[in-house]
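Please look over my notes on this model before we discuss it.

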Amino acid sequence: MTDNREIAVELRNVCKSYGDVQALRSVDLSIYSGEYFVLLGPSGGGKTTLLRAIGGFIRPSAGRILLHGHDMTDLPPEKRSTSMVFQSYALFPHMTVAKNVGYGLRIRKMPKPEIAIRVEQMLTQVGLAGYGERMPWELSGGQQQRVQLARALVLETDIILLDEPLASLDANLRKDMCYELKHLQEKVGITFIHVTHNQEEAMAVADRIAIIADGILVEHGDSQSIYRNPRTRFTADFIGENNIFDGEISEMENGNVSLVGSFGTISVNTRGSDTLVGASASVSVRSECMMIVSEGQTDDSSIQTVSAKYHETIYLGLTTHHMVTLADGRELMVRFISDAEDAFSMEKGQEVLIAWRQEDGRLHLS
Amino acid sequence: MLDDYANPLAYRLKWAYLLGIVLILLVPVFFNLYVSFNEFGFGAANYEFTLDWYFVVFDDSQLKAAFGWTLFLASITVVLTVPAGVLTAKLFKQTERKVLIVSLMLLPLFVPSDIFASALLVFFKNLNQGFELLSDSLGNEWFYGWFELGYMTAVIGLVIYTLPYVFIVVLITMGRYHPEQTEAARSCGASGWQAFWHIEFPQIRPGILSAASFVVILTFNEYTRTSMLKGGFDTFTTVLVSQMLNTGMSEQSYAMGGIVSSVAMLVIGGVIISTLFRSNGSKKLREQNTHQSV
């Protein structure tokens, strides 16, 4: 979608080691100008390290970092065209909101009257008009984060780096701030690079998402394709609520393969992946694509089924989760929209069939 | 009351204990002040308030000169020790071998003052001889008297003595500073120095002021190191002690003690009050952020 756009950030083989620990392993990535890009992954996976390397707070052990085509690897943060928004504590407590926002302009030796005008404009943009004379502790958590955002945006840098900016906010505020961040980014049109471990947050704001774990860039793509068609088993396990079957490829025919495991045999489309009979592979199926069916409902050959035993039902308001157990003891989750589901009752230990359409299965070779 | 279920009597006893400790610490100081305002001096049956002994102190030219020298000594020591201590604390925070460094830094505090002073005295004597030999070998007098006992050796002794105190006081204050603020400042375009000066320094200023006050008080109180390393000039404390040794405690001595303790209490009190006011804002912000992240 964005391939012909200007590249704002280019990472070439970026590595970072702390002694024996490799925080980043050969990361290659391009982030486009004006894009809302999210680095998503489990805690300790290296996403913050990568963001801090882009911002100049960490020097990579190897590799190059280019911003708008210029090599910035050896430059400190103040020499880069980036601004950073931190998770918390990063407002200057001895300065008013206006002084916090105007600090970068003061460093640039901008005349005071001009600073005052720019600060007021920026506070209005983030919805904090009239808050300039307040001290940081007089603001709520969401307001403090908006001040940080204003402080970053007022500098008119090309790239804003956001390190878990919503992590210290409560759930409702986080959701509101997600939308605000997205709208603000669309309005100002500059590159936002946002680190989070929260997939809902990532989905809400991102144009594209990169999954990072164990210092490796696992995969990247637009939010929908990452959710619907994860390339790797890790992504399928991390994003959404997927059920994963691990096994061995036993047969290949007409672009479909059969995967054999303790669950039985299931068929899945390769979607163009090169594979061999005998290779280890996994199939993932989104839990909302699965159904609990009776024997007569599975006549269609494109419907895949596995036998399981009903375990329990968990009602979560919007959705209801039915937990079932496979013969090897592994648990699967079948998810329904609560009100759309016909009420049915099952007893613990009752034999059930779990079914899904063949096209809902995704083959993972790594 | 912190514990809602605490026995009220035990609660009052705790407060009484704390009050008792404060009284034990302050009674000698206030008793000294009380005596210094008595026209009839220490141990007299009568008490009549007077400021005469203080006027006597301020009229004593030897004492005034000693006071001036001590103040000068304290000023130079502050100028040298405080920036050195701040820099050391800042670099210490970035090091990995913290236990080793902090142990070495604090070691001078555990050396008895007379042993410490004697060691420095011998060191300076030898250093002076070494420099004289160097001059002699060069055929000139350039390095003569560099480390003869005097103002410089006294300052060096005081710097070595007070630096660990400055280091520890500043380090404790820096512990409350969140380094993300420095990164935020760098991200706004500030250099490392600008980030320190604009953002970190105002927040650790109470600690730096406390450390500077501490150095002044330590310099005024120090006797052993100063008397061994000072050479020809006198300091307030050396005069006070020599007067006590030669003529015993006079009313004038109580007045001198009163001046020193009053100034010390005023300085420390001022620093504490200013710190309380300044840290109030930071504390509120930290508490707010802590509550949000819970």
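1. Start with helix H2 (residues 97–107) of chain A. The cover over its buried residues includes helix H3 (112–125) and helix H4 (141–153) of chain A, together with H7 of chain B. Contact here means that two C-beta atoms, placed from the backbone, lie within 7 Å. Helices (H or I, at least four residues) and strands (E, at least two) are DSSP runs, numbered from the N terminus.

2. This is a predicted model: local features need pLDDT of at least 70, side-chain atom pairs count only at pLDDT 80 or more, and totals for chains, interfaces and linings use all residues. Residues are numbered from 1 along each chain as its sequence is written, while chains are lettered from A and ligands numbered from 1 in the order in which they are written.

3. How many residues of H2(A) are buried? Eight of the eleven are, so the helix is largely enclosed by the rest of the structure. Buried means 20 or more other C-beta atoms within 10 Å of the residue's own; exposed means 12 or fewer, and partly exposed lies in between, with C-beta atoms placed from the backbone. The buried set is Val97(A), Ala98(A), Asn100(A), Val101(A), Gly102(A), Tyr103(A), Gly104(A) and Leu105(A). Just after the helix, Lys109(A) takes a positive phi of about 60°.

4. Now the interface. In chain B, 24 residues are in contact with 26 residues of chain A. Helix H7 (180–187), helix H8 (192–221) and helix H11 (251–293) of chain B are the elements that each give two or more residues to the chain B side. H11(B) gives the largest share, eight residues. By class, that side has seven nonpolar, 13 polar and four charged residues. Nonpolar covers Ala, Val, Leu, Ile, Met, Phe, Trp, Tyr, Cys and Pro; charged covers Asp, Glu, Lys and Arg; the others, Gly among them, count as polar.

5. Strand E6 (residues 82–85) of chain A is covered on both faces. Thr82(A) and Met84(A) are buried on one side, Ser83(A) and Val85(A) on the other. In a regular strand the side chains alternate between the two faces of the sheet. E6(A) runs parallel to strand E7 (residues 159–163) of chain A, joined by four bridges. Thr82(A) has Ile159(A) as its bridge partner in E7(A). Strands count as paired if DSSP finds at least two bridges between them.

6. Chain A has an open, antiparallel sheet of five strands, in the order E13-E12-E11-E14-E20. Strand E13 (264–269) and strand E20 (361–364) are at its edges, each with a single partner strand, so one side of each lacks a neighbour in the sheet. Four bridges join strand E14 (residues 280–286) to E20(A), antiparallel. Arg362(A) in E20(A) is the bridge partner of Ser284(A).

7. An open sheet of four strands, also antiparallel, runs E2-E1-E4-E5 in chain A. Here strand E2 (21–32) and strand E5 (70–71) stand at the edges with a single partner each, so one side of each is without a neighbour in the sheet. Strand E1 (residues 7–18) and strand E4 (residues 62–67) pair in the antiparallel sense over five bridges. Arg12(A) stands opposite Arg64(A) in E4(A).

8. Chain A overall: eight helices and 20 strands. Of its 366 residues, 43% are buried. Its C-alpha atoms fill a box of roughly 80 × 45 × 40 Å along the principal axes.
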